[in-house]
Structure formats: structure tokens, C-alpha cells
Amino acid sequence: MKDNREEDFIRFARHTLEQDLQGMDAVTCSRLARARAQAVATATHRWQMRIVPMASLAVAAALLIFLWPVAQGPDTQQLALEDIDILASDADMDVLADPDFYRWLASYPTNSLPLRGPPMGQGKARSAANGESLVKGRNAGLAHWRTSLRAELNGRSAALRSLELATANPAFARLAEHPVQYRWETTNLWDRTLKNNNHAG
Amino acid sequence: MNGFLAGVEKRALRMAEFATGNRDGALELVQDAMLGMVRRYASHHPGDWPPLFHRTLQNGIRDWHRREAVRRKWRHWFPEHNNTEQNNMDSVADPNTVDPSEHLARSQSGKVLLAALAALPLRQQQAFMLRVWEGLDVAQTAEAMACSQGSVKTHYSRAVHRLRKQMEGHWP
């Protein structure tokens, strides 16, 4: 009985408070709504204040990573690209192992890739290290080179496209559109390195 | 978060009014509680928002009472010289203030209840409002009031007893 009376009292109190609330004037309701809007707007502003500096920092870091070689000069750029090329691709290990063969591949015109190696006896497809003919391995090497190049360029094209958009520098677009030229420039470095070490061509 | 605040703002204002007896002060307290809620607890689970919001509000109410106590002491030692003017202003009704019992003119019991609620000690008032009006359970009320569950039960029990005693003659 006592519990029922207390429950009834609680229900009456709750009803009374709700009825009182419904009579709140419009001015007060408007002030409450304005206060709530200001509070929520503060939260949005705080998120923007955090995101904008972080985004700026991320863009600056990306530009520094990709443009630092450009700032240092063309030779250094090629060397830096070469380093990235070597580190990023297993195919470059083949270049290190047999630079003569890949120098021969690089001697072909930009937009055409050889379907078969040079005729026998022309001497270009011979290893300068031991004189052995590279004919047997040329097709396999070429196929491997093309496969690795294609895989490498697929990933590099996406990155170059992003850099083109981020920097508006057409040089990146050129490299993306002429990936073989990019590889050509990389391989040319080996050519100069070999000449400097007095390797026969 | 916006939806939660929209649902709780009117009750929070009324609680703050009961606690402070001041509409403008209550509005400031509710706004501060909203700001604090958005800044500190927006990333919390929505189920945790009610006790967190009321804890923020109750902390603000407690700080308001502490500041008022200091102000009263200051006024006691350094009374203002324009007391007459202030007293005259006090007697003028503020057209923007709504008497909480105005809309319950037909319910004498309701008026008595609201007056009794306003007269409750602060902790009993908080416990009663949070349990009865906000629907928080004992654990959530304890979190909002920053006290133990046993204290919540004690404050709540005393509030109910006191209100029912003051409602004698108005409530069967």
C-alpha cells in the first residue's frame, strides 16, 4: 500500500514537471536553441582546426619527399630516381647483375621494344664480364624486363598522376605518359657508369 | 549530439532554475554544460551522455552556489550604496521571467509541488530530479552527482519524504 502511494506520488511529480515544461515561453526556447547551436558549431570548428593543420602538414611532407631531388639538381635527381628505382624493384637486381644486357635493351628507340634480340655475332648481346653470349637469355630477360617494367609503371603511374595533380608540374605527366623514357633515363645512368669504369660497349 | 542536447535542454534549464532561482543564470549554466559536453564528451558512447551531461551541469550549479556565497559575503562587508534603487528594481516584475507555476493555475497541488521542489536542499533536489524526471538509475545518478550510490539513495529518500510531508493536505 505504502509503495503504491509512493509510486503514485512519483508519477504525479513527473506529470507535474512535464506539464510545467510545456508552458515554457518561446523566447526562452529560442535562447536555448541558440545556445545549443553555438555549442555544436564549436565542436565542428574544433574539428576543422585540427584537420586543416594536419592536412597541410601531410601535403608539405609529401611535397618534400617527392620534390627534394628536384631541388638538388638534375644529376642528383637522376641519382635519386635511380636509388628509388633500385630499391623499389627486384628487376633492378638484374641490371646490377648484367648491366651490359640492359644497356643493349636501352639502346632501342623509345616507343618500340624489341621482340627478339640482335642477330648472332653482332657482339652487343655479350657480357662484358665474361664474354659469354647473352642470346639464350635475351628473350627471357626481355620478357622479365617487360613484366617488371609494366608492374613497376602501373604503380609508378598512379604516384606520378598524384604528383602531377598536387604540383601542377607537367614533368611528372611526361614521365607518366612515357614510362619507357623514364626507364631509358634510368638505364642511361648505368651506361655512363659503365663508361666511366672502362667497360667495352 | 545535437539531438541529445535538443531533448534534454528544457529539463536541464528547469533543473538549473530550481537550483538557482534565476532564469538568466540557469541559461548560462545550461549553455556552459552544453559546451563542456561537446568539447569533452562528444566522442563518448551516446549511452554515457545523460549522466555526463548532468554531471557537467551539476558541477556548474555547485560552482554557481559557491560564487554566490562569496558574493553574499562581499555584499555583507561592502554593501552597495544604491540599495534603494536596487530595491526598487527588485520590486519591478521582469516581463521575460515566467513563473513556473503560472501554467498550473488550475492545479493547486502542482503549484505547491513546484514550490516544495525549489525549497529542497540542493543535493536532495538533484537526486530527486535526476531519478524521477531524467529517469537515470541509481548508478547513473551517482555518476552525475559525483557521489556514491548509497548517498544517492539517501538523498532521494529524504527528498521524497520531505516533498510528501509538504504536500500534506494537497496530496491524498
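**A walk through the helices of chain B**

Let's start in the middle: the largest nonpolar core of this predicted model has 58 residues, and the ones with the most contacts inside it are Val30(B), Phe53(B), Leu113(B), Leu117(B), Phe128(B) and Leu163(B). A nonpolar core here is a set of buried Ala, Val, Leu, Ile, Met, Phe, Trp, Tyr and Cys residues joined through side-chain atoms within 4.5 Å; buried means under 20% relative accessible area, with a 1.4 Å probe and protein chains only. Helix H2 (residues 23-41) of chain B gives this core its largest share, 10 residues. As a rule, nonpolar side chains in soluble globular proteins tend to be buried together.

Now zoom out to the chain. Chain B has 8 helices and 0 strands, where helices (H or I, at least four residues) and strands (E, at least two) are DSSP runs numbered from the N terminus. Of the 172 residues in chain B, 42% are buried. Take the contacts in chain B (heavy atoms within 4.5 Å) between residues at least 6 apart in sequence: 61% of them join residues at least 24 apart.

Next, helix H6 (residues 122-133) of chain B and its partner, helix H1 (residues 2-20) of chain B: their axes come within 10 Å and cross at roughly 160 degrees. Axes are lines fitted to C-alpha atoms, for helices over the stretch in contact, and angles run from 0 to 180 degrees between N-to-C directions. H1(B) and H6(B) are therefore roughly antiparallel, a label for angles over 145 degrees. On the H1(B) side you'll find Arg11(B), Arg14(B), Met15(B), Phe18(B) and Ala19(B), meeting Leu122(B), Gln125(B), Met129(B), Leu130(B) and Trp133(B) of H6(B).

H6(B) also packs against helix H8 (residues 149-166) of chain B, with axes that come within 8 Å and cross at roughly 95 degrees. That makes H6(B) and H8(B) roughly perpendicular, the word for angles of 65 to 115 degrees. From H6(B), the residues in this contact include Phe128(B), and from H8(B) they include Tyr156(B), Ala159(B), Val160(B) and Leu163(B).

A few ground rules: residues are numbered from 1 along each chain as its sequence is written, and chains are lettered from A and ligands numbered from 1 in the order in which they are written. Local features need pLDDT of at least 70, side-chain atom pairs count only at pLDDT 80 or more, totals for chains, interfaces and linings use all residues, and side-chain values use heavy atoms, leaving out hydrogens and water.

Definitions and conventions:
Buried means under 20% relative accessible area, exposed over 50%, partly exposed in between (1.4 Å probe, protein chains only). Angles under 35 degrees count as roughly parallel, over 145 as roughly antiparallel, 65 to 115 as roughly perpendicular and the rest as oblique.
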